[in-house]
Amino acid sequence: MCGIVGYIGNSSAKPVLLNALSTLEYRGYDSCGIAVKNGSIAIHKDTVRVEVMQLTSPALDGTVGIGHTRWATHGEPSSINSHPHTDCTGKFAVVHNGIVSNFQKLRQQLTKEGHVFSSETDSEVIPHMIEKYYQGDIEEAVRAALDEIEGSYAIAVLTADENKLVAARKDSPLIIGVGDGEMFLASDVPAILDYTDRVIYLEDNDVVSVTKNAVRITQDGVDIDREEHRVLWNKEDVQIAGYDHYMIKEIHEQPRVIRDTIGDFLLSSDAAKDSGIEIGDDLSTLSIVACGTSYHAGLIGKYVIEELHGIPVRIDIASEFNHGRRTIRPSVAIAISQSGETADVLSALKRLREESVKTVAITNVPGSTISRVTDQAIYTKAGPEVSVAATKSYIAQLIALYQLALSLPGMNRGIKRSLISQLKQMPGKVEQILDGTCGIVSCAKFLSKHENVFFIGRGINYPIALEGALKLKEISYIHAEGYAAGELKHGSIALLQENTPVIAIVANDNTYDAMISNIKQAKARNAPVIAVASEDNEDIQAMVDYVIRVPRTGNMFSPVINAVALQLLAYHTAKFRECPIDFPRNLAKSVTVE
Ligand code: F6R
């Protein structure tokens with residue numbers, strides 16, 4: 001993971017680098033650092049958040065520099081292990097996102113040749129390799145170093161000898177922000193939004209040399225052109241806008257996100273044709289690969305497609321996909337990834353592409369690696385998501401999956417019309433949850449005093465139990481398990497007692513009676529029960545300890561409403577526990593290691 005930035009222009013580099021880094025902290029935030037050139041290279045790095053470094057870093061003069069925010073892989077978070085790293089002479093400073101998989105071999109070799117290492121990181125071999133090969137041309141030296149490096153990288157290199165930045169990428173994202181008389185390098189678009197909306201997305205094996213007025217991109221030493229794009233996101237999208245946390249801001253953006261993601265789909269009389277979603281003629285078997293919250297979205301997608309079309313949908317956790325024996329070859333595989341950079345999803349896609357399977361990405365990030373390696377990309381319109389816990393991007397994925405299901409051929413027109421009309425009502429229903437607190441804050445206060453919680457759901461809301469538990473544990477650090485409600489009695493019910501709350505998602509569908517039985521089973525073991533139930537359910541209050549009321553919706557769309565309620569529950573619980581909600585410990589938003 002990690003975020004890297006670079007700047008070259010006429011402004012003082014330090015504030016630009018730190019400002020850009022502050023927008024990339026979702027990629028890692030256990031330490032950060034910058035290097036600025038003013039004749040020689042000056043470095044400041046520490047195990048602090050960027051906002052602290054903005055206040056505490058010494059004056060570093062110079063109009064060219066690089067920066068890094070870290071999610072530790074090799075070596076604990078420490079000042080020494082933070083980036084930028086340098087060679088023995090201090091002439092080359094490097095920031096790196098990725099993993100140098102053959103670093104041990106390279107390090108041994110370099111050590112024999114007299115190089116002295118100071119950190120435990122894999123990344124430190126890169127400046128030493130550049131030093132080894134430098135003979136007056138920094139691009140040549142970077143190329144020669146990268147020829148020997150195995151693994152993944154996005155790097156930015158600062159050299160004391162030349163007024164330019166050199167950068168390269170392989171299997172880790174890197175963009176160039178094009179300004180007037182200034183240029184930027186960054187892992188992701190939010191870093192440049194304060195300065196420019198012009199962006200070049202780099203491809204694997206690109207080596208770039210950037211001065212304040214020019215960009216030169218080469219592959220194997222041969223010059224190539226890459227198209228410049230206008231970014232659709234704007235800087236307001238990454239501002240906190242008076243909210244206490246990005247997470248709550250992003251939860252509140254969800255009605256807009258649903259409207260934007262639906263977009264033209266609802267304006268069309270024949271929704272399928274104008275949706276822009278065409279996943280091919282052979283739809284005999286579908287496959288979905290994804291991780292974490294995106295996997296939970298995929299589980300709902302599977303349910304909806306199977307229910308509406310009877311097409312078998314296989315779903316895999318992406319990191320498991322490559323290990324399992326496969327008995328069927330899907331006709332189309334759908335990769336779901338908010339960031340579009342998740343390494344586990346990329347390696348699953350590699351296998352699918354080797355098998356010539358048609359691939360479709362559902363992603364929130366235009367230009368992301370996954371969107372470029374798949375045959376078709378469906379873009380969700382969540383806008384940039386800063387908080388590490390996925391909320392609006394997840395809801396946007398659900399909406400995209402509903403649209404996909406509604407776009408597949410062969411649907412009964414009446415059913416389709418009715419579902420589209422329900423889909424249209426979703427922004428309003430989500431607004432209803434956001435407007436009232438629906439009892440969520442008092443439930444959160446209660447929950448915040450516990451250390452173990454079960455979420456139970458059935459049918460299409462079983463994945464919502466998984467997602468509710470994931471959201472709670474990642475931001476409040478409460479241990480939570482998501483369960484198919486009927487499974488609890490097959491073992492885990494042994495854990496239920498008076499201090500183990502159970503959150504039961506009570507849907508108004510054919511699972512209702514079974515869920516009421518499960519609630520009674522939990523109550524009989526003295527477990528406090530919080531029900532998430534529709535506003536008009538008059539019976540539920542008498543059976544449980546707390547009720548979170550949600551607007552009534554059609555069965556198919558109830559996951560959207562229930563997910564928003566559980567996002568709010570996790571948020572307020574974490575707030576009561578005074579957790580660092582937007583940047584939970586040990587996590588990063590874009591998981592670019594396997
Ligand atoms: C949890 C969360 C993660 C991601 C997972 C996949 O809130 O955000 O579980 O869903 O790391 O990330 P993407 O969707 O970027 O592939």
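In the predicted model, the side chain of Thr 196 reaches the backbone oxygen of Val 178 at 2.6 Å. Such a polar contact is a pair of N or O atoms within 3.5 Å; within protein, one atom must be able to donate a hydrogen and the other to accept it, and residues adjacent in sequence count only if both atoms are side-chain atoms. Residues are numbered from 1 along each chain as its sequence is written, and side-chain values use heavy atoms, with hydrogens and water left out. As this is a predicted model, local features need pLDDT of at least 70 and side-chain atom pairs count only at pLDDT 80 or more, whereas totals for chains, interfaces and linings use all residues.

Thr 196 is located in the loop between strand S10 (183-186) and strand S11 (198-201); strands (E, at least two residues) are DSSP runs, numbered from the N terminus. Its relative accessibility is 9%, so Thr 196 counts as buried (under 20% relative accessible area; exposed is over 50% and partly exposed in between, with a 1.4 Å probe and protein chains only). Apart from residues up to four places away in sequence, Thr 196 touches Gly 177, Val 178, Gly 179 and Phe 184, contact meaning heavy atoms within 4.5 Å.

The structure holds six aromatic pairs. One of them, between Tyr 7 and Phe 184, is tilted, at 5.3 Å centre to centre with 50° between the planes. This pair links distant parts of the chain, since Tyr 7 belongs to strand S1 (residues 3-8) and Phe 184 to strand S10, 177 residues apart. Rings of Phe, Tyr and Trp (its six-membered ring) pair if their centres lie within 6.5 Å; planes under 30 degrees apart count as stacked, over 60 as edge-to-face and the rest as tilted.

Tyr 7 is buried, at a relative accessible area of 0%, and Phe 184 is buried at 4%. Phe 184 also pairs with Tyr 195: the ring centres are 5.0 Å apart and the planes at 20°, so this pair is stacked. Because Phe 184 lies in strand S10 and Tyr 195 in the loop between S10 and S11, the pair ties together parts 11 residues apart in sequence. Tyr 195 is partly exposed, with 27% relative accessibility. Tyr 7, Phe 184 and Tyr 195 form one aromatic cluster.

Terms used
Helix = DSSP H or I, 4+ residues; strand = E, 2+ residues; numbered from the N terminus.
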